[in-house]
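Take a walk through this structure, one part at a time. Keep the sequence and the 3D view side by side.

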Amino acid sequence: MSTTSDPYAGSRETTEGRVYTVTGGDWDVTLGADQHGEERLVVNMGPQHPSTHGVLRLVLDLEGETVTKARVVIGYLHTGIEKNTEYRTWVQGTTFVTRMDYLSPLFNEAGYCLAVEKLLGIEAPQRAQTIRVLVMELNRIASHLVALATFGMEMGALTGMTNGFREREMILDLLEEITGLRMNHAYIRPGGLAQDLPEGSVEHIREFLRIMPGRVADFHRLLTGQPIWQARLKDAGYLDVTGCVALGVTGPILRAAGLPWDLRKVEPYLGYDTYDFEVPTADTCDAWGRYLVRMAEVNESLKLIEQALERLEPGPVMVEDKKIAWPAQLSLGADGMGNSLEHVKHIMGQSMEALIHHFKLVTEGFRVPAGQVYVPIESPRGELGYHVVSDGSTRPWRVHVRDPSFVNLQATAAMSEGGMIADVIAAIASIDPVMGGVDR
Amino acid sequence: MTGPGDRSGEDAVVGAHAPSGGFRKGAFGVTGSGDTSGFGGLVRVEPGGAVALHSTDRPYGGYFDEVTDALIEAVGQATYDAAVQRVLVDRGEITYFVGREHLLTLVQALRDDEALRFELCSSVSGVDYLDSGGPAVTPGRPRLHVVYHLTSMTYRRRIRLEVAVTAEDPHVPSVAGIYPTADWHERETFDMFGIVFDGHPALTRILMPDDWDGHPQRKDYPLGGVPVEYHDATIPPPDTRRSYR
């Protein structure tokens with residue numbers, strides 16, 4: 001071994017013994033400049049990684065800190081929900097689809113139920129529609145708060161995370177009071193709602209409406225003006241309108257590119273055209289604009305909730321047709337949601353026909369006329385479309401969900417290739433994909 | 001890995017009723033649903049398909065006529081007649097049933113023509129119509145349908161294109177070159193239905209593992225039962241359970 005010939009560790013003899021001088025050397029000279037250019041590093045990120053926004057795997061080709069190729073690998077959360085619905089009744093389908101995009105369960109339910117109702121040719125009563133808007137907008141705020149919280153966490157602003165989840169907790173408490181569950185509610189059913197608003201919930205929502213604007217202002221004070229936050233977000237994950245439309249990207253990302261495309265405005269459903277609200281946009285096409293759009297949408301949702309509360313009129317929350325309406329009058333007890341005692345008394349003690357009817361509707365379900373519909377609604381992440389096919393039987397023939405997270409995630413490569421690796425995190429956080437919805 | 005075909009604990013008698021191409025039976029051997037809800041009494045399902053087999057006559061109503069006229073003008077009457085097999089207007093939605101050889105011509109015109117401007121491809125998905133609606137299924141019937149939902153942001157319109165292919169020859173040209181967003185949609189449809197999109201840049205599985213056998217959302221994909229260790233009991237696969245249909 002001839003250490004003396006090592007160009008980077010020359011040595012000389014001294015009275016203390018041999019002394020090595022280790023130098024870095026000039027790699028450009030040693031290897032030639034062109035070889036430096038081919039120094040490619042493939043980094044696997046995820047699927048279990050705190051900054052990939054869920055069970056998402058990224059395969060990144062790096063040259064230094066520059067990303068030359070970003071590939072997205074999904075499917076780690078695939079649970080076959082679409083296939084499962086084909087073996088359940090139409091009503092049971094609600095409990096499956098609500099688990100897809102777990103941060104916006106009420107949107108999944110609403111989209112599915114609107115599709116089933118369109119197939120049936122029915123419309124939910126006015127009160128049910130208003131409450132749907134009410135709970136969906138509550139859910140939109142909760143979903144945006146998680147988007148902002150995880151955004152903060154992934155950018156290193158941990159207080160943003162704790163604040164976001166604290167505010168979301170208030171909404172989850174409200175949804176728990178209204179639906180009986182914090183998530184996966186199965187509250188919106190074909191034909192209406194599982195049950196009416198419980199007593200006192202309207203006051204609690206009003207209380208929330210009093211607190212929340214201050215909390216939004218806190219969020220702005222904490223993050224919006226902060227130079228580090230701005231430096232991390234501005235110009236990160238750039239995607240303009242052309243790129244968005246070509247890649248099918250909708251929701252806050254498209255609106256942050258300047259196109260005010262919100263299905264609540266352009267294709268109104270559930271009477272959204274009668275509400276007074278704005279569609280916030282930005283023209284920066286980057287993560288910063290998406291952050292601002294989401295913050296502004298929280299305020300718009302607060303306005304919508306207030307209006308929905310004002311127009312709540314007493315009335316039924318399920319269609320009159322007993323051939324479709326869930327037979328039990330569900331009520332929320334101390335141990336969760338269940339059949340009302342009165343209804344159990346009626347079918348068990350008074351009317352055998354009611355019992356038969358209950359049994360048939362619960363076990364067999366109702367039939368839905370054959371055909372197919374596509375119903376899009378505006379979820380917190382963009383166009384949530386339900387393509388539902390019926391063959392005239394008591395079960396869906398096919399339920400396909402056009403999940404906005406699935407489509408938007410395709411933009412990862414367009415947003416992050418050519419940028420720095422740190423901006424990949426900003427880009428994905430600004431897409432706000434929910435892997436439960438992506439993989440279904 | 002537990003792949004398809006693993007039906008451990010399958011009851012031979014139950015298996016005889018499995019929907020292996022024939023008409024599915026409901027509980028206790030009855031066909032049809034024995035519907036008592038009354039709602040289904042008004043419905044007549046075309047034999048062999050949940051998808052209605054008739055064509056809607058002009059005028060279609062709403063913006064559908066404008067879209068159709070613009071489409072005819074864009075591609076020419078001859079191409080339109082050759083490409084569009086029939087048109088169905090149902091529940092306020094229009095469906096063009098398109099032959100696969102003309103799909104790309106139509107889609108290109110739908111996206112680019114100034115009077116059409118369907119800029120956004122909302123969704124591409126598959127539907128397997130095997131056995132739907134009744135036993136009168138002719139072998140070789142194009143059971144696999146690819147459904148395209150196109151949105152015009154300029155005119156705020158939506159249309160649906162549908163391409164039907166057989167399971168033996170499940171090839172459809174890829175629209176990913178026209179709508180880049182169709183990339184993952186087509187991968188998912190390939191993954192779930194085994195429909196091959198010719199010309200797709202990288203048609204690989206997306207949700208299922210790469211080495212998976214079969215295409216899970218096909219109606220004849222065998223479903224696995226769940227073995228339970230309790231008094232030799234098993235939970236049969238969902239499609240062989242006692243059920244109303």
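This is a predicted model. Start with strand β10(A). From this strand, G371(A), V373(A), V375(A), I377(A) and S379(A) point one way. Q372(A), Y374(A), P376(A) and E378(A) point the other way. Residues on both sides are buried. The count is nine of nine, so β10(A) is largely enclosed by the rest of the structure.

Which strand pairs with β10(A) through nine bridges? The partner is β11(A), and the two run antiparallel. They form a hairpin, with two residues between the strands. Look across the pair at Y374(A): H387(A) in β11(A) stands opposite.

Now turn to the meeting of the two chains. Here 45 residues of chain A are in contact with 40 residues of chain B. Several elements of chain A give two or more residues to this side. Among them are the strands β10 (371-379), β11 (382-390) and β12 (396-402). The helices include α15 (352-363) and α16 (404-408). β11(A) gives the most, with five residues. What is the makeup of the side of chain A that touches chain B? The residues divide into 18 nonpolar, 14 polar and 13 charged.

Next, find two helices of chain A. Helix α6 covers residues 126-155, and helix α7 covers residues 158-179. They pack at an angle of about 160°, with their axes 8 Å apart. An angle over 145 degrees counts as roughly antiparallel, so α6(A) is roughly antiparallel to α7(A). Their crossing is left-handed. On α6(A), the contact includes V135(A), L138(A), I141(A) and L145(A). On α7(A), the contact includes F165(A), I171(A), L172(A) and L175(A). By class, the contact has 17 nonpolar, four polar and two charged residues.

Finish in chain B. Five strands make an open sheet there, in the order β1-β2-β5-β4-β3. The pairing is mixed. Which strands stand at the edges? They are β1 (84-90) and β3 (120-128) of chain B. Each has a single partner strand, so one side of each is left without a neighbour in the sheet. From one strand to the next, the twist averages 20°.

Look inside this sheet at β2 (residues 93-98) and β5 (residues 157-165) of chain B. Three bridges join them, and they run parallel. F97(B) stands opposite E162(B) in β5(B).

Definitions and conventions. Residues are numbered from 1 along each chain as its sequence is written. Chains are lettered from A and ligands numbered from 1 in the order in which they are written. This is a predicted model: local features need pLDDT of at least 70, side-chain atom pairs count only at pLDDT 80 or more; totals for chains, interfaces and linings use all residues. Two residues are in contact if their C-beta atoms, placed from the backbone, lie within 7 Å. Helices (H or I, at least four residues) and strands (E, at least two) are DSSP runs, numbered from the N terminus. Ala, Val, Leu, Ile, Met, Phe, Trp, Tyr, Cys and Pro count as nonpolar, Asp, Glu, Lys and Arg as charged, and the others, Gly among them, as polar. A residue is buried if 20 or more other C-beta atoms lie within 10 Å of its own, exposed if 12 or fewer, and partly exposed in between; C-beta atoms are placed from the backbone. Two strands pair if DSSP finds at least two bridges between them. Axes are lines fitted to C-alpha atoms, for helices over the stretch in contact, and angles run from 0 to 180 degrees between N-to-C directions. Angles under 35 degrees count as roughly parallel, over 145 as roughly antiparallel, 65 to 115 as roughly perpendicular and the rest as oblique. A crossing is left-handed if the near helix is turned anticlockwise from the far one by less than a right angle, and right-handed if clockwise.
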